[in-house]
Amino acid sequence: MSNCSVTVAAIQALPIGYLLNPKNVSHAVDLLKEASGQGADLACFPEAYPASGEEEIRRAARDLRICVIAGFLVEEGGQLYNECVLVDSAGRVVGRQRKVHVVPGVEPFARGDHYIPMETPWGKIGILICIDGWGFPEGFYRLHEAGVDLIFNPCLIFRKKPQKRMSLLGRVLDYKLPIVAPNNAFWSLRIFAEAPGLPAEGGQSLILAPPAFQTRDEIEAFVKEATSCEGWIIAEGGRDEEILLAGIDLQALRHTRSIWNNCFGACFP
C-alpha cells in the first residue's frame with residue numbers, strides 16, 4: 001500500500017426528473033469529470049444514483065483514472081435491489097453492496113443480507129446504504145471488525161438530517177473511522193417516470209473524520225475535556241448540487257485507533 005492519503009469526493013447530485021431517467025447517466029459522468037478535475041481519488045454518488053448505466057460509469061472511471069462508488073437499481077430473480085458498486089480506476093468492479101435494511105411499504109426493494117469489506121489502493125472500505133449506516137449499529141460493527149479504514153454512507157431524500165448528523169458523529173466517536181455520506185441535492189423523489197413524486201428534500205451531505213491523535217497524551221487530554229465533536233464534520237453541503245472534497249490520512253487514523261485501544265483496552269483486533 002504505497003499511499004494511505006486519499007482525497008474523497010461526496011457528490012451531491014441533482015437527479016434529472018426521475019431516478020431511472022437515462023439522462024442521469026450522462027450527468028453522472030459529467031460530475032465524475034468535475035470531481036476528477038478537482039483532484040478526487042475516490043468519488044461517491046448518493047444512494048441509487050445514477051440508478052442505471054453501470055457500463056458507462058465503469059468506462060468513465062477507467063478514462064478518468066478515478067475510483068467510483070455508484071448506486072444502481074438492479075433486477076435479479078424477479079426482485080429489485082438497491083445496490084452500490086465500487087469501481088476501480090481501471091474500470092473493474094471491486095465489489096457490490098446491497099441495502100440490508102429496507103423500509104416496508106415504502107421502498108420496493110428486496111433486502112441484501114451481509115456487509116462486504118472492499119479493497120482499494122488506500123485500504124479497506126465499507127459501504128452502508130442510507131439507514132444501514134445511520135440507523136442500525138451492526139453494519140459499522142461488522143465492517144470495523146473486518147478491518148476497514150473508511151466508511152461510505154450514501155443516502156437518498158434524507159428528511160431526518162438531525163438524526164443522521166447525531167448518529168454519524170456517534171459512529172465516528174465509537175470507531176474512530178472517517179465517514180463519507182453524500183445525499184442527493186434538493187429534489188422530489190421519483191423512481192419511475194409515471195410516479196407522482198414525494199415532497200422535495202435533500203442536501204446536507206457530510207464528510208466526517210476524527211482527529212488523528214498520534215500520542216497517548218493527546219487522547220488522554222481529549223478524554224478529560226468537555227468537548228463537542230461538531231468539528232469532526234470536515235465538509236457539509238447545502239441544498240444545491242455540489243461536490244464536497246476532503247483529504248484523509250488513513251494511516252494516521254490507523255495509528256490513532258491503535259493508541260486508543262492500547263490506552264483503554266478493546267475487544268476489537
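The exercises below, each with a worked solution, concern a predicted model.

**Exercise 1. Packing of H1 and H2**

Determine how helix H1 is oriented relative to helix H2, and list the residues through which the two helices meet.

Solution. Begin with the geometry: H1 covers residues 23-37, and its axis lies 10 Å from that of H2, at a packing angle of about 20°. Angles under 35 degrees count as roughly parallel, and H1 is therefore roughly parallel to H2. The handedness comes next, and here H1 passes H2 in a right-handed crossing. Turning to the side of H1, the residues in contact are Val 25, Ala 28, Val 29, Leu 32, Lys 33 and Ser 36, which meet Glu 56, Ile 57, Ala 60 and Leu 64 of H2.

**Exercise 2. Packing of H6 and H7**

Work out the relative orientation of H6 and H7, and describe the make-up of their contact.

Solution. The helices concerned are H6, residues 216-224, and H7, residues 250-264, whose axes come within 10 Å and cross at roughly 70°. Since the range from 65 to 115 degrees counts as roughly perpendicular, H6 and H7 are therefore roughly perpendicular to each other. As for handedness, the crossing of H6 past H7 is right-handed. From H6, the residues Arg 216, Ile 219, Phe 222 and Val 223 make contact with Thr 256, Ile 259, Trp 260, Asn 262, Cys 263 and Phe 264 of H7. This contact divides into seven nonpolar residues, two polar and one charged.

**Exercise 3. The largest pocket**

Characterise the largest pocket by its volume and by the residues of its lining.

Solution. First, its volume is about 660 Å³. Next, 24 residues line this pocket, and those nearest its centre are Val 106, Glu 107, Leu 156, Ile 157 and Leu 189. Finally, the lining is made up of 16 nonpolar residues, two polar and six charged.

Notes: Residues numbered from 1 in each chain as written. Predicted model: local features only at pLDDT ≥ 70, side-chain atom pairs only at ≥ 80, totals over all residues. Heavy atoms only, no water. 1 Å grid on protein atoms, 1.4 Å probe; cavity = no way out; pocket = protein on both sides within 12 Å on 5 of 7 lines; lining within 4 Å. Points joined across faces, edges and corners; volume = space filled by probe spheres on them. Nonpolar A, V, L, I, M, F, W, Y, C, P; charged D, E, K, R; others polar. Axes fitted to C-alpha atoms, helices over the stretch in contact; angles between N-to-C directions. Helix = DSSP H or I, 4+ residues; strand = E, 2+ residues; numbered from the N terminus. Parallel < 35°, antiparallel > 145°, perpendicular 65-115°, else oblique. Left-handed = near helix turned anticlockwise from the far one by under 90°. Contact = heavy atoms within 4.5 Å.
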